[in-house]
Amino acid sequence: MTIISLANVTKTFDSGYTALRDVNLDVEAERFVALVGPSGCGKSTTLSLISGLDRPSSGTLTVRDRPVEGITPGVGFLFQRDALLPWKTVRDNVRLPLQLRGVDAAEMRRRVEEWIARVGLRGFEQSFPYQLSGGMRKRVALAQTLVYDPEILLMDEPFAALDVQTRNLMEGELLNLWQGSGKTVIFVTHDLEEAIALADEVVVMTAGPARVKARYEVTLPRPRDIEQVRFDPRFTELYARMWNDLRDEVLESYARANAAG
Amino acid sequence: MRERTRPANRGLVLAIQAALIAAALLAWEFSVKIGWVDPFFFSAPSQIAATIASWWQHGYILRDVGVTMQETIFGLLVGGAIGIVLAVLLASSRWLGAIFVPFLVLFNSIPRVTLVPLFILWFGFTLWSKVVSAVVLVLFVVFFATYDGIKDVDPTLVANVRVMGASRFAVMRHVLIPSALTWIFSSLRSAVGFSLIGAVVAEYFGAQAGVGYRIQFSESQLNTSGVFGGLFILMVLVFIINLCFQGLQRRLLVWKPVDS
């Protein structure tokens, strides 16, 4: 079943910059889809449009067969930058989405404690974000998003700012949390390895304005071990095929940046 | 390295400050004693102290300070409330902001002292002429700080909360206002000073009590000790208010990393 559908979607900003041109993309429900492409190619814009934070300039964008108007219900968004409210404790940050939904107090307390425990932050409920490491803040953000059980999870290079070890750890935890949850994930990254290790399907986008260049099924079995899967021969083979596509786009955007500079 | 980044010893700093004040007062007193300075124009610390003591005996100080504080607090509350509400309104709509902010900039450029006689004309020698004088100063300080604070908020925070399903009001409550709070706070500290200035200046122009009235009355009698005495009382007032604010700020901004 198609849950998200973009048909000829174009986004031109007020500045005149066209981030997306005629993007056509259908996403099947309950799949983990990675969007890869050169930096600044409009991947993040795609997520903004799906979440309803921004409007397409033309084309149609539907989620669950309904055109997106206002914020799309049932969507969670993990941002690349820190988006926790610095003036709220870990507990209050995780509670906020439930509070906004008017969940009753007992249920709210139960779910908040459950998710704080699930992301391994028990004992840090009273901490403020500035007192936590980057990896811990990402865990809070994950709990804050998953606590209200969104059907669709949009992730915009959420682990890009972390060191490699923490990053691998978080990727593994994300897969554990997602596995069997029935959620649809769209995961934006410029890291092809991350994309293949995590996703069911990798969508390669062109240098901006972004279009869909190619789509690849990732047939690696699940559950996956983030550390081990990279040594699977199928992984290497997929990587080589995709990199062929991606390389042209990266070179293209690189050449353009140089020409502009 | 550790030595260099350590903050200065608080006790030592206080001791040096106290010594500087004592030295300045002694120098002043001494210059009057040996006749370098004419006490008619410059008074002397001992005379000022005597004046303050006699005011205290007459019960003037508590009454004057009470009146001035009442005006200052009313001015701060009313001006602060108007400033914050106005800022929240104008910052939440691109249209309202574009239309009205330039007017506020324009009004803010009026030297407020020149309006005080008008306020006294309109409201008489009452509490309200003083409060209004304070309000027209406080309002702008708080407005601009809050407005800038709201505009300065990290857009990612707003986006995050919106995706969670926050209404405009919830965005205001959970993101914009807490984010502006740091700014509002630092503005409130200077706003207290402005509120006091507004109240005292209005008292100076026409009142029956208050520290400003006391200064004006002393001046009319060519009593320089009285003028300095009034100023001293004002200084002590502002100092105490600032201490209270620092305590409040520490309690309300616990989420901020402490910088040494």
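Helix α2 (residues 90-101) of chain A packs with helix α3 (residues 105-118) of chain A at an angle of about 130°, and their axes are 10 Å apart. The model described here is predicted. Angles over 145 degrees count as roughly antiparallel and those from 65 to 115 as roughly perpendicular; α2(A) and α3(A) are therefore oblique to each other. Their crossing is right-handed.

On the side of α2(A), the contact is formed by V90(A), R91(A), V94(A), R95(A), L98(A) and Q99(A). From α3(A), the residues taking part are M108(A), R111(A), V112(A), W115(A) and I116(A). Sorted by class, this contact of α2(A) with α3(A) comprises seven nonpolar, one polar and three charged residues.

Chain A as a whole is divided into two parts, domain 1 (1-74 + 153-219) and domain 2 (84-150). The C-alpha centres of domain 1 of chain A and domain 2 of chain A lie 24 Å apart. Nine residues from domain 1 of chain A and six residues from domain 2 of chain A make the contact between them. On the side of domain 1 of chain A that touches domain 2 of chain A, helix α5 (residues 164-178) of chain A gives the most, with three residues.

| α2(A) with α3(A) | seven nonpolar residues | one polar residue | three charged residues |

Methods
Residues are numbered from 1 along each chain as its sequence is written. Chains are lettered from A and ligands numbered from 1 in the order in which they are written. This is a predicted model: local features need pLDDT of at least 70, side-chain atom pairs count only at pLDDT 80 or more; totals for chains, interfaces and linings use all residues. Domain bounds come from an automatic or database domain assignment. Two residues are in contact if their C-beta atoms, placed from the backbone, lie within 7 Å. Helices (H or I, at least four residues) and strands (E, at least two) are DSSP runs, numbered from the N terminus. Axes are lines fitted to C-alpha atoms, for helices over the stretch in contact, and angles run from 0 to 180 degrees between N-to-C directions. Angles under 35 degrees count as roughly parallel, over 145 as roughly antiparallel, 65 to 115 as roughly perpendicular and the rest as oblique. A crossing is left-handed if the near helix is turned anticlockwise from the far one by less than a right angle, and right-handed if clockwise. Ala, Val, Leu, Ile, Met, Phe, Trp, Tyr, Cys and Pro count as nonpolar, Asp, Glu, Lys and Arg as charged, and the others, Gly among them, as polar.
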